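Colleague: I have a few quick questions about this model before I move on. Could you take me through it?

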Amino acid sequence: MISSHPQSDPILVVDRLRKDFTAGKSGFFGESHSIRAVDDVSFTIDRGETLGLVGESGCGKTTTGRLVLRLLGATAGSVQFDGKDVLSLEASEMRAMRRHMQIIFQDPFGALNPRMTAGELIVEPLVIHGVDDHVARERKLRRLLDRVGLASFHAGRYPHEFSGGQRQRICIARALALEPAFIVCDEAVSALDVSVQAQILNLLQELKRELGLTYLFISHDLGVVRHISDRVAVMYLGQIVELAPRGPLFQSPAHPYTQALLRSVPSAAKGRKSFFTIMGDVPSAANPPSGCRFHTRCPIAIARCSTEPPTLRELAPGHTVSCHLAGSPANPFPSV
Amino acid sequence: MQASDVRNTGDAAENSAISEPLLEVEDLRVSFNGANVVDGLSFTLSAGEILGIVGESGSGKSMTALSVMRLLPQNGLLSAKRLKLNGEDLLSASDGRLEELRGASIGMIFQEPMTALNPVLTIGGQIMETVRRHMNVSRREARERGIEALRRVGIPSPEQRMDDYPHRLSGGMRQRVMIAMALICRPKLLIADEPTTALDVTVQAQILDLMLDLQAEYKMGIILISHDLGVVSAFTDRVLIMYVGQVLEDARADAVFTHPLHPYTEGLLASIPPVDRDQEHLQTIRGTVPPVFDLPPGCRFEPRCGYARPICATAVPDLIDCGGGHRAACIRNTGYQFPGVGQ
C-alpha cells in the first residue's frame, strides 16, 4: 500500500496497527475511556533496511515498536514478519519467533539484571531458547564480546562495573546472541554522551552491514535518525504523518510538522540567538484535535484541516504525507 | 522572536570588558572523598553575558554550578582562590547571607521541572514563597507579582494556573514556571543547568526563545550548562569546554564551533550526527573518559588524543591564550613547546 519499490523484499509488513489503552472510568458506573496511542499505522521494512521512527514524547513511537514485537497486544491491525502473521501466532510459536526479533532499550542500567555477570547476561537468551551446549555457548560468548568491542575478561564482571556505553554494548551482544534478523532499537543511544553515542552508532552500522540486519530505529534525535536510517517515518499523536527516504525527508519535508521539527533543532548555522518556534504543546492523546491532529499548531492550517482528517498520499515515489495542503501553493512540494 | 532585534549577538563580552565582572571564579576545586571532580577552574562572567559550560557526564559542569550557589552536597569540599559575585565574596558569606542571595541575586533552573517543583504545593504558593522571602510585600501584592511573572513567561490564564498543582502542567509549562520563579526577583545571574534536556525539540525552541527574550529585557548574566552543542552554539556568547574537572577550551561561541583549538572539542563536534546533511561515517573519540581516581599523569585527554606526542603523557598543558581571547589547554598550539621554555 505504501511501499512501491520495484524489487522490494519486505521482512516486516505492518498494516493498520492500532492500540487503545484504557485510562480509568468516569465515575463508578461511568464508561471507561480509552486513549488511542497508535492509530492506523502502516509501514513496511525491507530486508537489510533501517527504518527510522521519529516524533516527540507521547507520539506512539515506542508503543509501535512494542506492538511489532508483540510485547504489547495490539487492539487491531496486523504485523507480518517473514510472511508470518505475528499477532495470531500461538504462544509456543511466538516464543520461537522471538529468536528472530530482538530489541535494544534506551536505558542500559535498567535493562541488565545487576546480579548477573556480563557473560551470564549475554548467553541467557541461548539458555532460554535451549540453543547450543555449554561449550558452544562459551565459544559464542567470546565471539560476541569481541564483536561488540569488549574484552573476554569483561565476561566475569557485573553491570555496575561498566560505563553506560559498555553496558549498551552488553545489551547489543545480548540482542545478537540468537542471531536475529530484525532488531528494534528503542532510543538505543539517547542516554549516552555524544562521543560514546558516535561509537555505538558506528557499531550498529557495522553490525548491520556484516550480519545483514534490519533495524526499526526509534529516536527523538533527528541527527541520529538522519545518520542511521534509509527511510524515515514521522509520527504525531499516534499517526504517521510523513514517510519518505532519508534524503527527500530531510531535504524537502512535505508535512508542516516535519518542517517545524527540522527547523526547531538549534544550530549556529541557522542563526545565532534566534530560534524557530511553533505554537503550543503536543495536545493530549486522550482528547486529540478533530480533523488533522496537527491543525492546532500548524502555521498554514485552513478551515478544512479542522474538520476533515487527511490521509496519507504519495507525493513522489516512496514519499507519502498526510496533509491536505502538501503540494498546493500554500505548502509547495518540493519545498526547497 | 519579536525581541530578536534587541538581542545582542555575541558582543556582550567586549562591551562590558571594562566594567566590573559579575562573577569571578579563580582556581575553583571541588572534591569528594579526595577525588577532585572540579580541578582548578577559573573564569569570569560579565554582566549580561551568556556563558555556556559544555561537557560530558562526569566533567564537573553541574558541580561548578552548584559551587557558585554554594549548594554542594554535604560531603563535597569546596576551595577557591576567589569566588565573587558583584564584588562580594561568596566563600566567606554566612549561611544567612547566602540564603538572601539565592533567589534574589542568583536564580537557578534545573533540568527536571517535575522534581524541582514541590508536588503538594500549588504553583502560586511556590512563587509567592520566593517573592515573600526576598521582598517585603503583602500576600496580595505577592500574588499579583506571581500572576504577572507567569504571564510574562507565556502561561495562558495565569490567574487560574496559580491555584493548580504542578502535575496539571506539561513539561514545557513546568519549565516556564521554573523560569518565572527564577527570575521573579530579577537576579543578576541566572544559572540554567540543562534547562531543556527533558523537553521535546519544538518545546525546547520555545523555552530557549523565551529565555533570550527575558535576557534582552532584564540583562542578566546567564550560565547555561548543557551537553547539547547545538543548543550552546545558538544560545551563548562564550563557551567553556570541560573534561574531567578541567577547562580545555574557552572562547567565543562562534570561534569554538568554527575553529576549535583543542582536539577534544574537535572530536566532540565530529561525533554529532548532523541534521542538515548526510554523513555516512561518524568520527569518534577513541576510548572512554578516565575515572577521577585514576587520571593520566600528563594531559588528561592524552590517552584518547589523535595528536598526542610522547611529551603529552607527562606534561600538563596550561590554558593559554592563542590570540583574541581564545584559550586552549593543548601544547599543539605552542608547537609542542612549553611557553616560556626556550625554543
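Predicted model: local features only at pLDDT ≥ 70, side-chain atom pairs only at ≥ 80, totals over all residues.

Colleague: How many residues does the contact take from chain A and from chain B?

Modeller: The contact draws 37 residues from chain A and 40 residues from chain B. On the side of chain A that touches chain B, the elements giving two or more residues are helix 6 (194–211), helix 7 (222–228) and helix 9 (256–264) of chain A.

Colleague: Which of those gives the largest share?

Modeller: Helix 6 of chain A does, with seven residues. By class, the side of chain A that touches chain B holds 15 nonpolar, 15 polar and seven charged residues.

Colleague: And how do helix 6 of chain A and helix 12 of chain B cross?

Modeller: Their axes come within 8 Å, and helix 6 of chain A crosses helix 12 (residues 263–271) of chain B at roughly 50 degrees. The two helices are therefore oblique to each other, and their crossing is left-handed. Helix 6 of chain A makes this contact through Val194(A), Ser195(A), Gln197(A) and Ala198(A), while helix 12 of chain B contributes Gly267(B), Leu268(B) and Ser271(B). That gives three nonpolar, four polar and no charged residues.

Colleague: Switching to chain A itself, at what angle do helix 3 and helix 5 pack?

Modeller: Helix 3 (residues 118–128) and helix 5 (residues 164–176) of chain A pack at about 30 degrees, with their axes 7 Å apart, which makes helix 3 of chain A roughly parallel to helix 5 of chain A. Their crossing is right-handed. Ala118(A), Leu121(A), Ile122(A) and Pro125(A) of helix 3 meet Ile170(A), Ala173(A) and Arg174(A) of helix 5, and the contact divides into six nonpolar, no polar and one charged residue.

Colleague: Now the backbone. Which peptide bond is cis?

Modeller: The bond from Phe333(A) to Pro334(A) is cis, with omega near -10 degrees, and Pro334(A) sits in the segment after strand 12 (319–321) of chain A.

Colleague: What about phi at Arg16(A) and Arg186(B)?

Modeller: Arg16(A), although not a glycine, has a positive phi of about 45 degrees, and its place is in strand 1 (residues 10–25) of chain A. Phi of Arg186(B) is also positive, near 50 degrees, and Arg186(B) lies in the loop between helix 8 (171–183) and strand 8 (189–193) of chain B.

Colleague: Is Arg186(B) buried or exposed?

Modeller: Arg186(B) is exposed, with 12 other C-beta atoms within 10 Å, whereas Arg16(A) has 13 C-beta neighbours inside 10 Å and counts as partly exposed.

Technical notes
Residues numbered from 1 in each chain as written. Chains lettered and ligands numbered in written order. Contact = placed C-beta atoms within 7 Å. Helix = DSSP H or I, 4+ residues; strand = E, 2+ residues; numbered from the N terminus. Nonpolar A, V, L, I, M, F, W, Y, C, P; charged D, E, K, R; others polar. Axes fitted to C-alpha atoms, helices over the stretch in contact; angles between N-to-C directions. Parallel < 35°, antiparallel > 145°, perpendicular 65-115°, else oblique. Left-handed = near helix turned anticlockwise from the far one by under 90°. Buried ≥ 20, exposed ≤ 12 C-beta atoms within 10 Å, placed from the backbone.
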